[in-house]
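The sequence and the structure come first.

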Amino acid sequence: MPFDFRRFDIYRKVPKDLTQPTYTGAIISICCCLFILFLFLSELTGFITTEVVNELYVDDPDKDSGGKIDVSLNLSLPNLHCELVGLDIQDEMGRHEVGHIDNSMKIPLNNGAGCRFEGQFSINKVPGNFHVSTHSATAQPQNPDMTHVIHKLSFGDTLQVQNVHGAFNALGGADRLTSNPLASHDYILKIVPTVYEDKNGKQRYSYQYTVANKEYVAYSHTGRIIPAIWFRYDLSPITVKYTERRQPLYRFITTICAIIGGTFTVAGILDSCIFTASEAWKKIQLGKMH
């Protein structure tokens with residue numbers, strides 16, 4: 001007797017003349033197909049969409065930066081002349097720079113009565129401060145007006161990612177125009193290193209920060225101290241990492257197979273139960289007639 005390979009077929013076919021279509025089965029089949037289509041489109045959307053997950057760890061993520069952090073500062077002082085405005089930088093490594101001018105620009109405002117300061121500079125990864133003041137001016141004014149608006153203060157690379165909402169420019173839009181003109185302003189910053197890794201493995205390094213501020217008029221034994229706008233910073237040891245991830249293809253295929261198989265199985269059980277109950281009811285009705 002020749003070997004019949006068809007014996008391995010586990011999906012044996014039933015002749016059409018041995019099957020019985022029903023209205024209930026048709027309704028269940030249509031609902032089943034619509035349900036499968038809905039779940040398939042939902043899974044397809046999830047497969048196409050890039051997911052951003054975050055994690056926390058203790059480390060310095062950007063070891064190739066040479067211990068430096070790039071800073072971008074942009075603020076307006078509408079009542080202080082540009083020749084009086086300067087940027088000073090200090091930190092715990094001994095850096096003390098008065099009147100930093102590299103990569104900075106002063107734009108006159110209000111017909112020269114005010115000034116907009118824009119600067120790009122770097123700071124060391126140690127606690128310190130940078131401040132906008134009149135300390136570098138050749139002649140100190142009697143009553144410098146330090147009311148201001150901060151347009152931008154950011155650290156590291158600029159991240160413009162839709163799925164990441166962080167405090168990368170927490171002081172952007174800070175308005176101190178109604179403050180005491182003779183007051184100093186202290187902004188206490190806690191800088192948090194942030195890494196963003198796209199789905200290709202490319203990393204960008206930025207920094208978020210939290211801020212607390214106070215306003216005060218300072219005095220010493222010689223009289224009132226010249227006001228300034230201080231940005232005092234410290235670095236957090238915790239790094240936040242955002243990673244783009246996309247669902248693997250094998251998981252998408254597995255989910256689709258589970259959806260199709262599970263839906264057809266449940267629908268088949270439901271149809272069988274309804275058909276069996278319907279046949280039993282018909283037999284009961286026929287028994288009553290006889």
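The sections below take up the basis of the values, the disulfide, and then two further cysteines.

## Basis of the values

This is a predicted model, in which local features need pLDDT of at least 70 and side-chain atom pairs count only at pLDDT 80 or more, while totals for chains, interfaces and linings use all residues. Residues are numbered from 1 along each chain as its sequence is written, and side-chain values use heavy atoms, with hydrogens and water left out.

## The disulfide

A disulfide is a covalent bond between the sulfur atoms of two cysteines. Here it is assigned to a pair of cysteine sulfur atoms within 2.5 Å, and by this rule the count comes to one disulfide. The bond is formed by C82 and C115, whose sulfur atoms lie 2.4 Å apart. The pair links distant parts of the chain, 33 residues apart, with C82 in the loop between β2 (68-77) and β3 (86-91) and C115 in strand β6 (residues 114-124); strands (E, at least two residues) are DSSP runs, numbered from the N terminus.

The torsion about the S-S bond of C82 and C115 is about 100°, so this disulfide is right-handed. Taking buried as under 20% relative accessible area, exposed as over 50% and partly exposed as in between (1.4 Å probe, protein chains only), C82 is buried at 13%, and C115 is buried at 0%.

C257 is in no disulfide, and the nearest cysteine sulfur, that of C32, is 15 Å away; with a relative accessibility of 52%, C257 counts as exposed. C273 is likewise in no disulfide, its nearest cysteine sulfur being that of C32, 15 Å away, and at a relative accessible area of 47% C273 is partly exposed.

Technical notes:
Helix = DSSP H or I, 4+ residues; strand = E, 2+ residues; numbered from the N terminus.
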